[in-house]
Amino acid sequence: VTDITAGGFHTCALISDGTVTCWGANVYGRLGTGDDTTRNLPVAVTGGALENKTVTHITAGQYHTCALISDGTVTCWGYNGDGLLGDGSNTNSNLPVAVTGGALANKTVTHITAGAYHTCALISDGTVTCWGYNGAGQLGDGSNTTRNLPVAVTSGALAGKTVTDITASWSHTCALISDGTVTCWGYNGAGQLGDGSNTNSNVPVAVTGGALANKTVTDITAGAVHTCALISDGTVTC
């Protein structure tokens, strides 16, 4: 196994041959096996948009799973009531479906991250696109409109910036910028956006104060209602 990801009630593993296997709860088809049967042993995910494809990264949300394919495209499966599969529909799928429209059309993806009910992708040009539930502004497109196709995240603190990593959680998303700074957007009731307020933001806001002042960040991760960053000196701030 070369990569693993845990969703709300299921787990998936990426195998060295580029295939995916999942196990656990399978309501909404989040295991991608073509059925809704819960499994207590790993089962292969080989059909739909993953047929004969080589996967390089996987990520799981609360009720859905997504895979990054070696050709730079994305496929997702599972719950789709809020458009988090990104295929332009709101229909659940127990087989992988391609995410090719909207802001991802003709783009090459280098990284993906699944929040509870939304998904985001990092594009090779250093920009970010997100899709799914947007009630708290976690898609970062300046609205609170839920989207079933990818939308670009280009305004606020991300305007003109190059992103190197992204992380999504329950209702917020954060991005690591090439200059070592961090920006976040979405729900902020617990201060998880790190901008010194508790106000939600539907556009990226800079995280520059406190223990991150004048620091260079090398990695970020989002928990359900908090965020942490790894600083270049090997220390951590949350």
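**Close-up views of a predicted model**

**View A. Asp233 is partly exposed, at 47% relative accessible area (buried means under 20%, exposed over 50%, and partly exposed in between, with a 1.4 Å probe and protein chains only).** The model is predicted, with local features requiring pLDDT of at least 70 and side-chain atom pairs pLDDT 80 or more, whereas totals for chains, interfaces and linings use all residues. Residues are numbered from 1 along each chain as its sequence is written, and side-chain values use heavy atoms, without hydrogens and water. Lys215, with a relative accessible area of 37%, is likewise partly exposed. The side chains of Lys215 and Asp233 form a salt bridge, 3.9 Å from N to O (a side-chain nitrogen of Lys or Arg within 4 Å of a carboxyl oxygen of Asp or Glu). Because Lys215 is in the loop between strands E16 (201-207) and E17 (217-222), and Asp233 in the loop between strands E18 (227-231) and E19 (236-237), the pair ties together parts 18 residues apart in sequence (strands are DSSP runs of E, at least two residues, numbered from the N terminus).

**View B. Lys107 and Asp125 meet in a salt bridge of 3.9 Å, N to O.** Lys107 lies in the loop between E8 and strand E9 (109-114), and Asp125 in the loop between strands E10 (118-123) and E11 (128-132); these distant parts of the chain are 18 residues apart. Lys107 is partly exposed at 36% relative accessibility, and Asp125 is partly exposed at 40%. The whole structure holds 6 salt bridges.

**View C. Four strands form an open antiparallel sheet in the order E5-E6-E7-E8.** Strands E5 (55-60) and E8 (93-99) are at the edges with a single partner strand each, so one side of each has no neighbour in the sheet. Strands E6 (residues 64-69) and E7 (residues 74-78) pair in the antiparallel sense over 5 bridges (pairing requires at least two bridges found by DSSP). Trp77 in E7 is the bridge partner of Thr65.

**View D. Thr75 is buried, with a relative accessible area of 0%.** Thr75 belongs to strand E7. A polar atom of the Thr75 side chain lies 2.8 Å from the backbone oxygen of Val97. Beyond four places away in sequence, Thr75 touches several residues, including Ala49, Leu50, Pro96 and Val97 (contact means heavy atoms within 4.5 Å).

**View E. Thr167 is buried, at 7% relative accessibility.** Thr167 is located in strand E13 (residues 163-168). The Thr167 side chain reaches the backbone nitrogen of Ala222 at 3.1 Å. Residues touched by Thr167 include Thr113, His172, Cys174 and Ile220.

Note on methods. A polar contact is a pair of N or O atoms within 3.5 Å; within protein, one must be able to donate a hydrogen and the other to accept it, and residues adjacent in sequence count only if both atoms are side-chain atoms.
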